[in-house]
Amino acid sequence: MYFAELQKKTEEILQSLGNKLSAINSPEPLLRPVPPYISDVITAMELLENKKYVLNIGKRIFNCGISGETQLRTAAEKGDIYSKIVWGGVNLRKKNYKIGLEQFTQLHEWNIPDDLKNKLLKNFLYPAYLEYGKRCYERSLSEKSSEYLRKEAISCLSKVSTHPEAADMLAECYGGVDGWSTAQAFYEIGAAGGIANSYYSIGYYYHQRDKAPGKAIEWYKKAVEKGHLKSEYFLAECFIATGKYHEATGIFHRLADKRFMSSPERYVECVERYNFPKGEFYYSIKGLRGDTPDALYQSGLQFEKGDRVAVDFVKAMKFFLRAAEKGHELAQYKLATCYETGKHIEKNIGQAYKWYKRCADQGNAEASYKVAIVYEWVKYHEKAAYWYEQAANKGYEGALYGHARMLGNLKQHQKARALFMASIAKKEYVTDCHFFLGKLYANGWGVAQDSVKAIEHFKEAGLSLHVCYTLIGTKGEPAFLYNIGVEYDSGKGVPVNHAKAVQYYLKAAEAGHVLAQYQMGTIYESGAGAEKDYAMAYKWYEKAAMQGHSEAAYKMGKAYNEGVHRIKDKTRALDWYRRAALKGCIAAQYELGKEKYLVKEYHDALTWLQTAVNHGNLPANYYLGVMYYHGWGVTKDLDRSFAYFSNAGTFSGTYYFMGMFYYYGYGKLNKNLNKAFWYFRRYEDVNPDKYAEYYLGLCYKNGYGTEKSPQMAFQNFEKSAKKGIKQSQFELGLCYKNGIGTSCSYRFALEWLLKAANQGYAEAQYEVGEMFFNSGLYSIKDANPVLTAIQWFQKAADQNHKLAVCRLTDIYYDEQQYTKAGKLISVAINKFSYPNAYFYWAVFCHQGIGGYQINQQKALELYRSFIKYTPYPDSVKKVKMVENAKQFIYELEHPTLNKLKKILGK
């Protein structure tokens, strides 16, 4: 009910505020006057502690242009005072103290009533400073950035330094008792407010620094009343210093029960020094638990560990001895280990054995194992085997292995083998067990002699093959020789020795070992371990390849393909590549696919390149991407092509095609000129290429993916044009013609445009035609420039160049070569919808010229189409054509009037 009433009252305040604020019509929050009723906002915020309602205040009261948390924050950042107040209040309620407090940094400069300032300070800021300062202080005690947090705490707490709790924390921040000159005043404020730590700190100063226990007692007592345990402990020390031993002992008694600090020791010391009665509590603290074996053992542990008593190893050993003599198993084992290791007592192996034996007789597994070790030391294998067995029966780790080892020494090899296997199964002493099993198989002890199994166990034991073969006496077998070479090469189990490795490889290779033959090939080829000798290298590669070694076959294929120390022979190269590829050599699969691609045998190329890709070969993706890009041997598939290029890694040609995909937006890919420019630029950096230079020129010319740069465009077009790219020659001609990135030069322009035109580039052919047609403008000397222009226009028109077709149509019509114009009209209309062509066709049908029959109805339709497609004539010629078309339409629509005109004209 109480909360409901508060909510109702808040709603009323908000309604009132809404009415008042709706009258404010200033567009800028900074220009709004500070309303006197802002205190109502604070009242509403005080009423609603719930965060949800506090936010609703921010959302609802500023409904004239400021609504919601984001807008409220924006207004506060712009400096609107009452927005700062509410935004700060919202963050303080949400415990976002740093943001909240920042809103009020200029509170004293605000033009708001003093009572409102005081209310803000009292109800919001002071509690926030205290809480945030406390948070920073507590974090500074443990976090790495403690110095920063300490300064932050001092900054906040200083603003509420008259608050007792804040004053106490300030004193601690300034160093506590160590910084007494600064901290004293704050501790006194804390003490005046009843803060226990302040009482304790003042008492501690008088006790430890001022050496005035009488004064300290007064302050410690006040802290004790607040439940401060540390003060109670030091109060007892002050009582001792002032001769009040009974009171001190009572305090130490209470604190010893809580195991606080060193109170148990101080209690025992007081009882013994001042001859107070020794009750049950004293004896429990002292550790004298009784005379039973277990009580004696526990007392020994207490003195050994310092559990509620001072550490005393001599007393501990006495208790262990008494317990052991009374038959306590753990005490006997403890005593034995101390004698064995010399811990807490002089080392004595005889005594250690005595107590291990007495403990083992009681069935202790660890002691049984220790006794077995002693018997093994003195070569008493039968006794050792017995005690190992006793320990193993109780599951002690390592006992199975020890028992098996002793049975081996007693020539009971079959039992030993079974126990070694059982130990391996339990994952106990696995390496050692494998070593002994290797010896059994190598020598045929209890099993059939088997050198292969012996080597398997020796290798599991971590021995090098060289050692294995020494142990089992195997010599001359090619596989063993090769493996020894590997070990000398890698340093596994033996010191690295490449010379010895080569010796073993050579012996194995001569004995026909295929891996050794291949290894000898790599040694002679690289010169690692022997002098470089390519003839010997390929001799061994060929031997290994003939035995089916895939990598060796690949090496042979590469040698014949590239003519490396061999006569170049594509047929033999492909044969070796195929052998290697069929054996799974990925590099050979790629090379075979590439070679098939280069000779346009796309079916085989697809098979081997796809196989290489499936095995992780990246460059093969490039050639598959090109095949799907052009549709060579496969159905053209740009999306699949892009997928292959994306997986081709850093293969240089990939950059060009990736650039093309992003430049044109092929397939399902969106056009991305930034990425296109990046790929073209990357391709040019890795492998300067004429096509990449052309596209880079376009990017620089048009600002695709980079800033426009006519100079860079010109440079790239020039490099590419000189390499024969007709598109670049055309662009370079335009640069010279229009002065783009270079000075204007019609001579160079025509030179480069002619080079592109002679390569059949339609755009260049058209531009050359234009230059000859306007030869006077471009200072071109030619016997018949118009005829030359028509020839170039015709070449471009033959390639369906729109502008060339339209230009020729105009020229032929203007020159009254109607038959030639008539042949171009259908192309100009059907392919390019050229408006002038409609007029020319209409005239031909109207007058029966240009190879067309008179068809006045068709002429009328075509005149109307011409006017429809030429709404805004852009030249004198077109204006005249439109006027003529309208006249002809009128005449065709009024044939009688036309006949009358002809009669009157006659």
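Glu340 is partly exposed, with a relative accessible area of 22%. I note at the outset that the model is predicted.

**Entry 1. Glu340 and its partner.** I looked up the charged neighbour of Glu340 and found a salt bridge with Lys370, in which the closest N and O atoms are 3.4 Å apart. This pair links distant parts of the chain: Glu340 belongs to helix α19, Lys370 to helix α21 (residues 365-377), and the two are 30 residues apart. For Lys370 I recorded a relative accessible area of 23%, so this residue is partly exposed.

Entry 2. I then examined Lys334, whose side chain meets that of Glu304 in a salt bridge at 3.1 Å, N to O. Here too distant parts of the chain are linked, since Lys334 sits in helix α19 (residues 329-341) and Glu304 in helix α17 (residues 293-305), 30 residues apart. Is Glu304 buried or exposed? Its relative accessible area is 11%, and Glu304 is therefore buried, the limit for that class being under 20%.

**Entry 3. Lys555 and Glu525.** I found a salt bridge between Lys555 and Glu525, with the closest N and O atoms 3.1 Å apart. Lys555 lies in helix α32 (residues 550-562) and Glu525 in helix α30 (residues 514-526), so the bridge ties together parts that are 30 residues apart in sequence. I classed Lys555 as partly exposed because its relative accessible area is 23%.

**Entry 4. Total count.** How many salt bridges does a search of the whole structure find? I recorded 20. Side chains of opposite charge can pair when their charged atoms come close.

**Entry 5. Cysteines.** Cys238 counts as buried at 0% relative accessibility, and Cys699 is buried with a relative accessible area of 0%.

**Entry 6. Helices α41 and α42.** Two packed helices are described by the angle between their axes and the distance between the axes. For helix α41 (residues 710-722) and helix α42 (residues 726-738), I noted that the axes come within 8 Å and cross at roughly 135°. α41 and α42 are therefore oblique to each other, as an angle must be over 145 degrees to count as roughly antiparallel. The crossing of α41 past α42 is left-handed. Which residues make the contact? From α41 I listed Phe714, Phe717, Glu718, Ser720 and Ala721. From α42 I listed Ser728, Gln729, Glu731, Leu732, Cys735 and Tyr736.

Methods: Residues numbered from 1 in each chain as written. Predicted model: local features only at pLDDT ≥ 70, side-chain atom pairs only at ≥ 80, totals over all residues. Heavy atoms only, no water. Salt bridge = Lys/Arg side-chain N within 4 Å of Asp/Glu carboxyl O. Helix = DSSP H or I, 4+ residues; strand = E, 2+ residues; numbered from the N terminus. Buried < 20%, exposed > 50% of the residue type's maximum accessible area, 1.4 Å probe, protein only. Axes fitted to C-alpha atoms, helices over the stretch in contact; angles between N-to-C directions. Parallel < 35°, antiparallel > 145°, perpendicular 65-115°, else oblique. Left-handed = near helix turned anticlockwise from the far one by under 90°. Contact = heavy atoms within 4.5 Å.
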